[in-house]
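Subject: A structure for you to explore

Hello,

I am passing on a structure that I have been looking through, and I would like you to have it open while you read. Below it you will find my notes on what turned up.

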Amino acid sequence: FNMRQYIGDILMHCWTLAPHREAWKRFAALQGGRGPYLRFANMLINDATYLLDDALKKVKDYKSLERRLASPAGLSQQELQEKRQHLARCKQEMTSSFYLGSGVINTLAVSTSEVTAPFMLPEMVQRLAGTLNYFLLYLAGPQRKVLKIDNPEQYNFRPKWLLVQICTIYLHMSAADRGGQFAAAIAADKRSYRPEMFAEASMILRQLGLMPELQIQLLEGLAAQVAQAAVQEEAEEEVLGDVPDDFLDPIQYTLMRDPVKLPSSGTVMDRATIMRHLLTDPRDPINRDRLTPEMLQPDVELKARIDAWLREQRGSSGGAGGAAPMES
């Protein structure tokens with residue numbers, strides 16, 4: 001991670017130089033956004049998730065240890081020493097993770113001002129939306145009280161700055177979201193998405209003067225789009241009812257939109273699911289044989305059956321919920 005931080009510093013300097021920034025954008029656009037840059041984008045999300053999640057969870061551990069050491073009654077000398085050592089370790093790891101994680105978030109915030117296409121791909125958009133939601137819920141949701149710590153800067157923890165960066169990435173992606181896929185991905189995140197977290201974030205940003213009013217209003221506009229997408233998704237789920245098992249992705253257990261067959265194992269998966277897997281592991285997840293995107297075989301027959309079933313379900317309900325037709 002330390003070496004990646006040095007590379008990140010160099011990249012951020014290159015971004016400030018117009019010729020290098022233009023080369024960056026051309027590189028990101030290779031193969032319609034599915035070139036080598038997509039792996040880089042995936043790595044950024046992986047690193048941000050690992051580092052910041054680790055750091056944020058350690059804040060709670062650190063505060064608990066501090067409280068126990070402030071009232072050491074009942075602790076033996078050995079236990080006292082062990083807890084002090086644990087506190088020192090926790091502080092060191094938390095400080096390092098916040099420093100490195102902040103660098104990754106900064107790279108995302110800066111680069112998505114002009115490079116968004118790779119993050120809008122089906123295999124990536126839900127990953128980014130879920131990551132942003134998870135951290136926004138931490139920073140603006142009920143858990144933010146747990147993050148209150150004296151002199152957070154000494155641990156490289158800048159919660160206000162981090163909130164602004166997360167919201168900046170939301171805004172960059174929203175500005176490029178012509179088809180509504182980013183808003184839909186935010187709404188589809190069952191783990192972290194809560195409608196109130198955007199309202200809380202806007203309140204904090206406005207009260208503390210952390211972002212210009214126009215940007216806060218744009219964030220509120222995104223929140224409204226997401227809320228609408230959530231309503232539409234709920235209506236769609238009600239219309240579709242129980243999805244036949246053979247239409248479900250075996251990993252995500254969601255309706256397959258673009259089923260493809262893995263040639264070696266014969267497993268059928270949604271293209272977005274297996275493409276996401278291949279970004280970090282170029283092997284069939286079932287039998288571990290070598291697998292590349294080019295080897296995926298569209299399951300035309302199953303796709304036709306899914307499309308027919310969708311038409312039947314929507315037709316029998318009279319198109320309830322105004323659900324949009326599935327993309328081919």
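Let's start with helix α11, residues 271–278, which is mostly covered, with 6 of its 8 residues buried. The buried ones are A272, T273, I274, M275, R276 and L278. What lies over these buried residues of α11? The cover includes helices α3 and α6 (122–140), together with strands β1 (259–261) and β2 (268–270). Please keep in mind that this is a predicted model.

Now for the overall picture. The protein chain has 12 helices and 3 strands. Its C-alpha atoms fill a box of roughly 70 × 50 × 40 Å along the principal axes. The chain has 328 residues, and 45% of them count as buried. If you take the contacts between residues at least 6 apart in sequence, 69% of them join residues at least 24 apart.

In soluble globular proteins, nonpolar side chains tend to be buried together. Here the largest nonpolar core has 77 residues, and the ones with the most contacts inside it are L136, Y170, F182, I186 and F198. Which helix gives the most to this core? That is α3 (residues 36–70), with 14 residues. Another core, of 10 residues, lies apart from the largest one and has V239, L240, M256 and L310 among its members.

Setting aside neighbours within four places in sequence, Y170 is in contact with L132, N133, L136, F182, I186, M197, F198, L219 and L222. L136, F182, I186 and F198 from that list also belong, like Y170, to the residues with the most contacts inside the largest core.

Two helix pairs come next. Two packed helices are described by the angle between their axes and the distance between the axes.

The crossing of α7 past α9 is left-handed. From α7, the contact uses L163, V164, C167 and Y170, while α9 brings M197, F198, A201, I204 and L205. What kinds of residue are these? The contact has 9 nonpolar residues, with no polar and no charged ones.

On the α6 side you will find N133, L136, L137, L139 and A140, which meet M197, F198, E200, A201 and I204 of α9. By class, this contact of α6 with α9 divides into 8 nonpolar residues, 1 polar and 1 charged.

A few single residues are also worth a visit. D189 lies in the loop between α8 (181–187) and α9. Is D189 buried or exposed? D189 is buried, because its relative accessible area is 13% and the cut-off for buried is under 20%. Leaving out neighbours within four places in sequence, D189 is in contact with A129, G130 and N133. D189 and R127 are 62 residues apart in sequence, yet their C-alpha atoms are 9.2 Å apart in space.

E312, in helix α12 (residues 300–316), is exposed, with a relative accessible area of 54%.

Finally, a look at the backbone. Most residues other than glycine have a negative phi, and most peptide bonds are trans. N151 lies in the loop between α6 and α7 and counts as exposed, at 54% relative accessibility. R288 lies in the loop between α11 and β3 (297–298) and counts as partly exposed, at 38%.

Enjoy exploring, and write back with any questions.

Best wishes

Note on methods: Residues numbered from 1 in each chain as written. Predicted model: local features only at pLDDT ≥ 70, side-chain atom pairs only at ≥ 80, totals over all residues. Heavy atoms only, no water. Left-handed = near helix turned anticlockwise from the far one by under 90°. Helix = DSSP H or I, 4+ residues; strand = E, 2+ residues; numbered from the N terminus. Contact = heavy atoms within 4.5 Å. Nonpolar A, V, L, I, M, F, W, Y, C, P; charged D, E, K, R; others polar. Core = buried A, V, L, I, M, F, W, Y, C linked by side-chain atoms within 4.5 Å. Buried < 20%, exposed > 50% of the residue type's maximum accessible area, 1.4 Å probe, protein only.
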